Amino acid sequence: MQELTPAPVADNDLTDLYIQPGHLLRRAHQIAASIFHDELGHMITPVQYAILRTLREHPGIDQVSLAGLVAMDTSTAASVATRLEEKGLLDRNIDPSNRRQRALYLTEQGRKLLENAVGGINRLHDRLFAGFTPLEEEQFMDLLKKLVHLNNLQSRAPFAPPKDKVVNVD
């Protein structure tokens, strides 16, 4: 019995960027970031938004846990938190039970910024999914969440919920 060998991959298939998922995901990120900047760039960056939005759901969380929830390395999360504190959008308080940690809270100004961002976030969503049917949008989001979930540990900064908290990511 003769062993079958796979057919060689055509050079065009190896070089066509528009069939490579990594390239398409990078382009999708570029587009989403550009639209975010159009809609909200005068207020906040996407990373700052992620941090403030997470703090709204988890007031008093420590910086390391926050970094895990937004899937960001701890030093970047700490520097962004420092900038947000300087802007008056969050407070970083020393945790009395562990003086090495800081508990993070939204300020009133941070809460108002999130409220004011709702319209821009909705427009961002509408612009990203213009041309999709509701079913296509749902399918795309389900598959995107699945891709991220299945590959989470491949990230340099994987999503890592605090061990003592239940976090819903759906």
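A crossing of two helices is called left-handed if the near helix is turned anticlockwise from the far one by less than a right angle, and right-handed if clockwise. By that rule, α2 passes α6 in a right-handed crossing. The model here is predicted, so local features need pLDDT of at least 70 and side-chain atom pairs count only at pLDDT 80 or more, while totals for chains, interfaces and linings use all residues. Residues are numbered from 1 along each chain as its sequence is written, and side-chain values use heavy atoms, with hydrogens and water left out.

**The overall layout**

The chain has seven helices and three strands. Helices (H or I, at least four residues) and strands (E, at least two) are DSSP runs, numbered from the N terminus. Reading from that end, the order is α-α-α-β-α-α-β-β-α-α. Of the 170 residues, 27% are buried, meaning under 20% relative accessible area, with exposed being over 50% and partly exposed in between (1.4 Å probe, protein chains only). Contacts (heavy atoms within 4.5 Å) are worth a look too: among those with a separation of 6 or more, 53% join residues 24 or more positions apart.

**How the helices pack**

Two packed helices are described by the angle between their axes and the distance between the axes. Axes are lines fitted to C-alpha atoms, for helices over the stretch in contact, and angles run from 0 to 180 degrees between N-to-C directions.

| Helix pair | Angle | Axis distance |
|---|---|---|
| α2 (residues 21-40) and α6 | about 145° | 9 Å |
| α3 (residues 46-57) and α6 (residues 108-128) | roughly 120° | within 11 Å |
| α3 and α5 (residues 74-86) | about 85° | 10 Å |

Start with α2 and α6. On the α2 side, the contact uses Ile31, Ala32, Ile35, Phe36, Asp38, Glu39 and Leu40, and α6 answers with Ala117, Gly120, Ile121, Arg123, Leu124, Arg127 and Leu128. Those residues split into nine nonpolar, one polar and four charged. For the bookkeeping, Ala, Val, Leu, Ile, Met, Phe, Trp, Tyr, Cys and Pro count as nonpolar, Asp, Glu, Lys and Arg as charged, and the others, Gly among them, as polar.

Next, α3 against α6. Their axes cross at roughly 120°, which makes α3 oblique to α6. Angles under 35 degrees count as roughly parallel, over 145 as roughly antiparallel, 65 to 115 as roughly perpendicular and the rest as oblique. The α3/α6 crossing is left-handed. Tyr49, Leu52, Arg53 and Arg56 of α3 meet Leu113, Leu114, Ala117 and Ile121 of α6, giving six nonpolar, no polar and two charged residues.

Then there's α3 with α5, packed at about 85°, so α3 is roughly perpendicular to α5. Here Val47, Gln48, Ile51 and Leu52 of α3 touch Ala77, Val80 and Leu84 of α5, a set with six nonpolar, one polar and no charged residues.

Pro46 also sits in helix α3. Pro46 is partly exposed, at 40% relative accessibility, and its C-alpha lies 7.2 Å from that of Ala33, 13 residues away along the chain.

**The aromatic rings**

The structure holds four aromatic pairs. Rings of Phe, Tyr and Trp (its six-membered ring) pair if their centres lie within 6.5 Å; planes under 30 degrees apart count as stacked, over 60 as edge-to-face and the rest as tilted. The Phe129 and Phe132 rings have centres 5.1 Å apart and planes at 90°, so this pair is edge-to-face. Phe129 is buried at 11% relative accessibility, whereas Phe132 is partly exposed at 35%.
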